[in-house]
Amino acid sequence: MDDELNVTYITLDGHVDVNKYRYLYFLIIFTVYILIICCNFTIVCLIWIHTNLHEPMYIFIAALLLNSVVFSSALYPKLLIDFLSEQLIISYPACLFQFFLFYSLSSSEFLLLAAMAYDRYVSICKPLQYPNIMRKTTVSIFLFLAWLVPACHTAVAVMLSSNMKLCNFTLKGIFCNNSIYSLHCVTSRALSIFGIFALLDVGLLPFLFILFTYTRILVISYRSCREVKKKAAQTCLPHLLVLISFSCLCAYDIIIARLGSNFPKTARLIMTLQAVLYHPLFNPIIYGLKMKEISKHLKKLFYQAKVI
């Protein structure tokens with residue numbers, strides 16, 4: 001506690017040998033951060049520029065990639081500062097804000113994937129009704145709700161946490177996630193109940209909806225002609241790969257941070273870094289390689305750059 005400024009500071013105790021490898025850590029994180037920004041924005045710009053990509057599916061992909069950039073920007077700058085700092089600390093208000101961005105944007109990814117699953121379902125299973133169902137207004141509403149609903153859920157958790165008294169000032173992590181609950185003097189029943197509700201509302205229910213939707217697509221495409229099967233495989237496989245990747249990382253966060261499993265410090269750091277390192281890079285790589293139209297424009301872009 002800083003009495004002069006009346007600000008509570010939290011020590012981030014999740015780093016391993018940061019004094020010994022600080023410059024190596026900094027170089028790796030900085031390089032990955034630049035790659036995340038470049039890869040995601042390259043595909044977003046392609047979708048923005050080319051009119052044949054101005055379709056709901058590609059708009060949702062662009063939103064997902066922008067979400068990844070903002071998600072990374074909520075974590076990476078602070079990590080880079082920490083690697084070059086003598087004291088690995090963060091103020092409690094800043095910690096709550098980072099917590100808000102982390103879970104709000106993570107939940108938004110689930111809802112965006114759910115919207116993409118619905119878009120694929122309508123496109124493949126109800127192609128004649130697709131233009132009437134997936135209008136610009138519908139897409140805008142889906143995007144608005146995908147960011148608003150998680151933000152409201154997470155804001156409630158932040159407000160409840162901000163009123164809790166702290167007895168522990170050491171966080172077992174490199175950024176602020178569910179581990180902040182271990183800082184509280186007492187376990188809040190209201191916070192626990194709301195956490196379960198939020199997990200079901202913006203996590204489990206969208207996940208089940210996505211599984212149900214793709215199961216329906218699989219069943220209908222199996223009964224259809226070869227062309228429908230090919231379309232389903234080309235457009236649904238990237239979404240499923242992203243869903244599986246992100247779901248595994250979310251499951252880890254719940255198990256480790258929420259349930260307080262006694263993982264070794266090094267193992268915890270490695271798993272945490274996986275959550276913030278490869279997934280934001282995984283999205284643009286998968287969509288860039290597996291989505292036919294995006295891949296085609298990427299090849300043209302790189303060919304032109306090579307010629308120049």
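**A cysteine tour, with a leucine stop**

Start by selecting C152: at 43% relative accessibility, this residue counts as partly exposed. Keep in mind as you click around that this is a predicted model.

Next, pick C38, another partly exposed cysteine, at 44% relative accessibility.

Now for the bonded cysteines. How many disulfides does a search of the whole structure find? It turns up two.

Select C95 and C176 for one of them: their sulfur atoms sit 1.9 Å apart. This pair ties together distant parts of the chain, with C95 in helix α4 (residues 92-125) and C176 in the loop between β3 (170-171) and α7, 81 residues apart. The S-S torsion is about -120°, so this disulfide is left-handed. Color by accessibility and C95 shows up as buried at 0%; C176 is buried too, also at 0%.

Move on to C167 and C185, joined S to S at 1.8 Å. Here the torsion is about 100°, so the disulfide is right-handed. C167 is in the loop between α6 (136-162) and β3, while C185 is in the loop between β3 and α7, 18 residues apart. C167 counts as exposed at 52% relative accessibility, and C185 as partly exposed at 30%. In sequence order, the bonded cysteines pair 1-3, 2-4.

Last stop: select I196, L200, L204, L205, L208 and L211, a nonpolar surface patch with about 510 Å² of accessible area together. Zoom in on L205, in helix α7 (residues 189-222), which is partly exposed at 49% relative accessibility.

Notes: Residues numbered from 1 in each chain as written. Predicted model: local features only at pLDDT ≥ 70, side-chain atom pairs only at ≥ 80, totals over all residues. Heavy atoms only, no water. Patch = residues over 30% accessible without salt bridge, like charges linked within 9 Å, V, L, I, M, F, W, Y side chains within 5 Å. Areas by Shrake-Rupley, 256 points an atom, 1.4 Å probe, with all protein chains shown as cover. Salt bridge = Lys/Arg side-chain N within 4 Å of Asp/Glu carboxyl O. Helix = DSSP H or I, 4+ residues; strand = E, 2+ residues; numbered from the N terminus. Buried < 20%, exposed > 50% of the residue type's maximum accessible area, 1.4 Å probe, protein only. Disulfide = S-S within 2.5 Å.
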